[in-house]
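The entries below follow the order in which I looked things up.

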Amino acid sequence: MNNRRAAFMISAADITGCPQARLPEYAFFGRSNVGKSSLINMITGVKNLARTSSTPGKTQLLNYYMVDEDTWYLVDLPGYGYAKVSKKSRKNWEKIIREYLLQRKSLVYTFILVDTRHEPQKSDLELINWMGEEGLPFCLVFTKADKISRNAVKRNVDEYKKVLAENWEELPPVFITSSHSGEGKSEINTFIATSNSEYSVLTEQKQ
Ligand code: GTP
Ligand code: MG
């Protein structure tokens, strides 16, 4: 898939600062440093679109990117699990993100990112289970797959699915990615393109 046209649009402090909900949007969420901003750069093919850093907690606020000229939005969310954030500030952020995930009408899917190298983390499972209980559509993205062997990737992904299957009959769509090698780029872009066409059919029907 070719690279896209994408540009930074706006940073919102909470849902009231988000752009008018007229385009389908996709949010990227996960632990701090898991590779959200890198993945956004990888799937758009626009280098340095989202700011990445080896220091956790780089992304703050809800950062909107307009993709394919007025077609859809990508939203880079701040990471969670960053130890240096105070308890009060964490609670506030949780509220802002929860409100956004629950109330944003044009949010089509949230991509929840987890590091392929690690076994399921408590905070990730809590988020996944909460999304499932609320009936919020999400995909699971395994990041940094280049950092371990193919066998280890397969083993860890299978193990993750097994843990989810203890709670859920149906598993979310799963993507294995590497922002370094570009693995998963065309799969995610195809998924978004399909979801965008379904979204426009749905909104036309509503009008
Ligand atoms: P916060 O904004 O702090 O929550 O982090 P983030 O989730 O946006 O992570 P970011 O994209 O900034 O990446 C964190 C670090 O991981 C950076 O040093 C990246 O270069 C590295 N990284 C991200 N994705 C990959 C990947 O697929 N492979 C490898 N090897 N490194 C990666
Ligand atoms: Mg980031």
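Predicted model: local features only at pLDDT ≥ 70, side-chain atom pairs only at ≥ 80, totals over all residues.

**Strands and helices**

Strand β2 (residues 25–30) pairs with strand β4 (residues 72–76) in the parallel sense, over 4 bridges. Within this pair, I found Tyr26 opposite Leu74 in β4.

I then looked up the whole sheet. The sheet is open and consists of 7 strands, in the order β1-β3-β4-β2-β5-β6-β7, with mixed pairing. At its edges I noted β1 (6–12) and β7 (174–176), each of which pairs on one side only. From one strand to the next, the twist averages 25°.

Next I turned to helix α3 (residues 122–134). I found that α3 lies across β2, β5 (107–115) and β6 (138–143). Helix α3 runs at about 160° to β5.

Which residues of α4 are buried? I listed Ala152, Val153, Asn156, Val157, Tyr160, Val163 and Leu164. Seen down the axis of α4, these buried residues fall within an arc of 125°, so they line one face of the helix. On the other side of α4, I recorded Asn151, Lys154, Arg155 and Lys162 as exposed.

Finally, I asked what the buried residues of α4 pack against. The partners are the strands β5, β6 and β7, together with helix α3.

Conventions: Residues numbered from 1 in each chain as written. Chains lettered and ligands numbered in written order. Heavy atoms only, no water. Pairing = 2+ DSSP bridges. Helix = DSSP H or I, 4+ residues; strand = E, 2+ residues; numbered from the N terminus. Axes fitted to C-alpha atoms, helices over the stretch in contact; angles between N-to-C directions. Contact = heavy atoms within 4.5 Å. Buried < 20%, exposed > 50% of the residue type's maximum accessible area, 1.4 Å probe, protein only. Arc of directions from axis to C-beta.
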